[in-house]
Amino acid sequence: MSNSTSDKIKAGVNKAKGEVKDQVGNATNNRSLQAEGKKDKAKGAVQDKIADVKKHH
């Protein structure tokens with residue numbers, strides 16, 4: 001598995017984990033969990049961009 005593929009998988013996992021945390025936090029009115037979810041989604045988005053850069057170089 002290439003590095004960019006591995007990075008894409010990690011990005012997807014972080015985005016999914018973040019979405020779940022964000023939604024659960026929203027449903028339970030837990031602002032801390034929502035913030036964690038948004039942070040995880042942002043981390044996944046950055047990892048996704050890094051994977052794209054690695055793939056094209």
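This is a predicted model: local features need pLDDT of at least 70, side-chain atom pairs count only at pLDDT 80 or more; totals for chains, interfaces and linings use all residues.
A salt bridge is taken here as a side-chain nitrogen of Lys or Arg within 4 Å of a carboxyl oxygen of Asp or Glu.

The overall architecture comprises 2 helices and 0 strands. The radius of gyration is 13 Å, well over the 10 Å given by the globule rule for 57 residues, so the protein is more spread out than a compact globule. Along the principal axes, the C-alpha atoms fill a box of roughly 45 × 15 × 10 Å. Of the 57 residues, 25% are buried. The accessible surface amounts to about 4,100 Å², and carbon and sulfur atoms account for 57% of this area. Among contacts between residues at least 6 apart in sequence, 56% join residues at least 24 apart.

Helix α1 spans residues 3–27. This helix contains 25 residues and reaches 36 Å from its first C-alpha to its last, close to the 36 Å expected at 1.5 Å a residue. Its buried residues are Ser4, Asp7, Ala11, Asn14, Gly18, Asp22 and Gly25. An α-helix has 3.6 residues a turn, so residues three or four places apart point the same way. The cover over the buried residues of α1 includes α2, which runs over residues 31–55.

Individual positions in α1 illustrate its relation to the rest of the chain. Ser4, placed in helix α1, counts as buried because its relative accessibility is 14%. Beyond its neighbours within four places in sequence, Ser4 is in contact with Ala51, Lys54 and Lys55. Ala16 also lies in helix α1, but this residue is partly exposed, with a relative accessible area of 44%.

The loop between α1 and α2 contains Asn29. This residue follows α1 and has a positive phi, near 60°, a value found here in a residue other than glycine. Asn29 is classed as exposed because its relative accessible area is 62%, over the 50% limit.

Side chains of opposite charge can pair when their charged atoms come close. The count in this model comes to 9 salt bridges. Among them is the pair formed by Glu19 and Lys41, with an N to O distance of 3.1 Å. This pair also links distant parts of the chain, with Glu19 in helix α1 and Lys41 in helix α2, 22 residues apart. Both side chains belong to partly exposed residues: Glu19 has a relative accessible area of 33%, and Lys41 has one of 24%.

A further salt bridge is formed by Asp22 and Lys38, whose closest N and O atoms are 3.3 Å apart. Here again the partners come from distant parts of the chain, Asp22 from helix α1 and Lys38 from helix α2, with a separation of 16 residues. Asp22 counts as buried because its relative accessibility is 6%, whereas Lys38, at 48%, counts as partly exposed.

The UniProt record, an unreviewed entry, lists residues 7–55 as "domain: CsbD-like". Over this range the chain is 94% helix and 0% strand, and the C-alpha atoms at its ends are 10 Å apart.

Note on methods. Residues are numbered from 1 along each chain as its sequence is written. Side-chain values use heavy atoms; hydrogens and water are left out. Helices (H or I, at least four residues) and strands (E, at least two) are DSSP runs, numbered from the N terminus. Buried means under 20% relative accessible area, exposed over 50%, partly exposed in between (1.4 Å probe, protein chains only). The expected span of a helix is 1.5 Å times one less than its number of residues. Contact means heavy atoms within 4.5 Å. UniProt positions are given in the numbering used here, feature names are shortened, and annotations may be inferred rather than shown by experiment. The radius of gyration is taken over C-alpha atoms; the globule rule is 2.2 Å times the number of residues to the power 0.38. Accessible areas come from the Shrake-Rupley method with a 1.4 Å probe; for residues, only the protein chains shown count as cover.
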